[in-house]
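Me: I would like to go through this structure slowly and ask, for each label put on it, what the label rests on. Could we take the terms one at a time?

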Amino acid sequence: NGPGLLTVTVTMLRNGRTTTLSLGASRRSTVGDDVTPRVGAEVRVTRDGSMMASMVDRTAMSNEPAEWYREDPQSDLLQIMSLIRHRLQSRSILLIDFLCPYDSIKAGGRSHQMHTGYIARNDARRGFDSCGCLGDLTEKALEVLTDAFTEQREVPEYRDRDLNYEALCEVMQGVSHKSESFRTGALQLAERYVVLYDQLRDPIYNHSFSQSFDDLPLARQPLSSLGERRFQSLKRAVMHTIFADRISARELLGDFDPYLNTSVSWMKKGTQRTPMINMSSGCISRSQFLRGMHRLAGRMDLQEEDLNLIFNKYKKNGAFNYYAFCRDVDPGFDELQLMFAPEAQDRAHT
């Protein structure tokens with residue numbers, strides 16, 4: 001029909017009648033591009049037929065200002081150790097059983113256990129891999145972890161074995177070959193290891209970390225202390241808006257949930273060029289989050305960094321977990337009235 005146009009004719013036979021439909025679309029080269037022409041205003045379709053996020057979804061949420069957020073999990077020692085500890089405990093695995101065999105020396109065709117408490121960093125990588133649950137541990141994360149437990153050794157022939165795996169296992173799980181000596185005071189952990197031991201078992205940190213797993217229905221991500229204070233301020237402001245305007249966060253954000261509203265076009269992660277989308281219920285995309293927040297708190301005039309903070313707090317596999325958000329900011333009218341107008345509730349009861 002003309003340059004750059006493609007016409008597809010579809011013939012359907014139904015109830016003895018033949019219907020012919022002609023569908024026109026712009027022709028575009030797909031060499032080096034896995035996206036077909038745009039469909040609608042915000043959604044693209046990939047070659048496998050799955051939906052693709054709009055441009056606002058394909059742009060990463062900013063983590064600025066940096067002091068509101070924790071370090072990158074790949075470079076945060078405490079988060080790395082917490083993840084490893086969680087994986088091991090959930091599978092009843094003792095790390096010492098997989099690292100100890102490398103603390104040996106070969107002689108006469110046999111391996112002899114040495115129990116020096118030190119192994120090479122490369123052997124630590126093999127030990128972690130043999131656990132069967134840490135295969136996704138990145139090289140960067142492993143380097144951060146091994147750097148924290150690397151010590152300079154005086155014996156020249158053992159200088160390459162500089163990773164104190166006994167201290168690592170003691171800090172991580174409280175189980176090592178020297179645990180009894182540590183408990184009785186016969187041996188002392190270095191001060192830096194004691195600090196890590198206490199931080200790893202801090203109840204506030206553990207509660208925050210345990211809520212951050214993406215497989216939880218109400219996942220919430222930990223922020224820095226400054227970020228948490230800012231978030232609590234935003235949370236209270238949003239709750240006051242919900243109470244004052246008599247609106248429902250569940251209804252306004254739930255309109256974008258494809259599990260509740262089948263007219264919503266959903267977006268699936270079909271290729272590496274689609275950096276999100278979460279496929280579980282209770283989540284919406286970033287663009288849907290922005291539209292929903294405009295309906296929910298448009299008059300609050302929230303800044304971009306505030307919207308980013310709220311999104312990142314409830315981020316789940318790249319999407320926004322509005323279930324958890326609504327649970328926190330919209331507990332119900334009676335609860336909100338008790339917070340913002342307790343005298344009105346007292347008059348109602350009298």
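Predicted model: local features only at pLDDT ≥ 70, side-chain atom pairs only at ≥ 80, totals over all residues.

Me: Why is D330 called buried?

Reply: The relative accessibility of D330 is 7%, and the word buried applies under 20%, so D330 is counted as buried. D330 is found in the loop between α14 (322-329) and α15 (333-340), and, leaving aside neighbours within four places in sequence, D330 is in contact with I242, I247, S248, A249, R250 and L336.

Me: What makes the approach of the side chain of D330 to the backbone nitrogen of A249 a polar contact?

Reply: A polar atom of the D330 side chain lies 3.0 Å from the backbone nitrogen of A249, and the limit for such a pair of N or O atoms is 3.5 Å, so the distance meets that limit.

Me: How do you know that R250 and D330 form a salt bridge?

Reply: The closest N and O atoms of R250 and D330 are 3.8 Å apart, and a salt bridge requires a side-chain nitrogen of Lys or Arg within 4 Å of a carboxyl oxygen of Asp or Glu, so the pair qualifies. Because R250 lies in helix α11 (residues 249-254) and D330 in the loop between α14 and α15, the pair ties together parts that are 80 residues apart in sequence. R250 itself has 40% relative accessibility and counts as partly exposed, since that label covers values between the 20% and 50% cut-offs.

Me: Which salt bridge involves R220, and are its two residues buried or exposed?

Reply: The side chains of R220 and D328 meet in a salt bridge, at 2.8 Å from N to O. Because R220 lies in the loop between α9 and α10 (225-245) and D328 in helix α14, this pair ties together parts that are 108 residues apart in sequence. R220 is at 12% relative accessibility and D328 has a relative accessible area of 17%; with buried meaning under 20%, R220 therefore counts as buried, and D328 does too.

Me: What makes the pairing of D306 with R230 a link between distant parts of the chain?

Reply: D306 forms a salt bridge with R230, the closest N and O atoms being 2.9 Å apart. D306 is in helix α13 (residues 304-313) and R230 in helix α10, 76 residues apart. At 4% relative accessibility D306 counts as buried, whereas R230, at 30%, counts as partly exposed.

Me: How many salt bridges are found in the whole structure, and which residues are linked in a network?

Reply: A search of the whole structure finds 13 salt bridges, and R125, D129 and E139 are linked in a network of them.

Me: Why is L234 called buried, and what does L234 touch?

Reply: L234, in helix α10, is at 5% relative accessibility and therefore counts as buried, the cut-off being 20%. Not counting residues up to four places away in sequence, L234 touches L302, D306, L309 and I310. The C-alpha atoms of L234 and I310, 76 residues apart along the chain, are separated by 8.2 Å.

Me: Which residues have the most contacts inside the largest nonpolar core?

Reply: The largest nonpolar core has 38 residues, and those with the most contacts inside it are M81, I84, L95, F128, L145 and F149. Among the elements that give two or more residues to this core are α2 (77-90), α4 (121-130) and α5 (139-148). Apart from this core lies another, of 33 residues, among them L234, M239, F243 and A324.

Me: What makes Y323 part of a surface patch?

Reply: Y323, in helix α14, has a relative accessible area of 35% and is therefore partly exposed, and a patch takes residues with over 30%. Together with Y259 and L260, Y323 forms a nonpolar patch with about 340 Å² of accessible area.

How values were computed: Residues numbered from 1 in each chain as written. Heavy atoms only, no water. Helix = DSSP H or I, 4+ residues; strand = E, 2+ residues; numbered from the N terminus. Buried < 20%, exposed > 50% of the residue type's maximum accessible area, 1.4 Å probe, protein only. Polar contact = N/O pair within 3.5 Å; in protein donor to acceptor, adjacent residues only side chain to side chain. Contact = heavy atoms within 4.5 Å. Patch = residues over 30% accessible without salt bridge, like charges linked within 9 Å, V, L, I, M, F, W, Y side chains within 5 Å. Areas by Shrake-Rupley, 256 points an atom, 1.4 Å probe, with all protein chains shown as cover. Core = buried A, V, L, I, M, F, W, Y, C linked by side-chain atoms within 4.5 Å.
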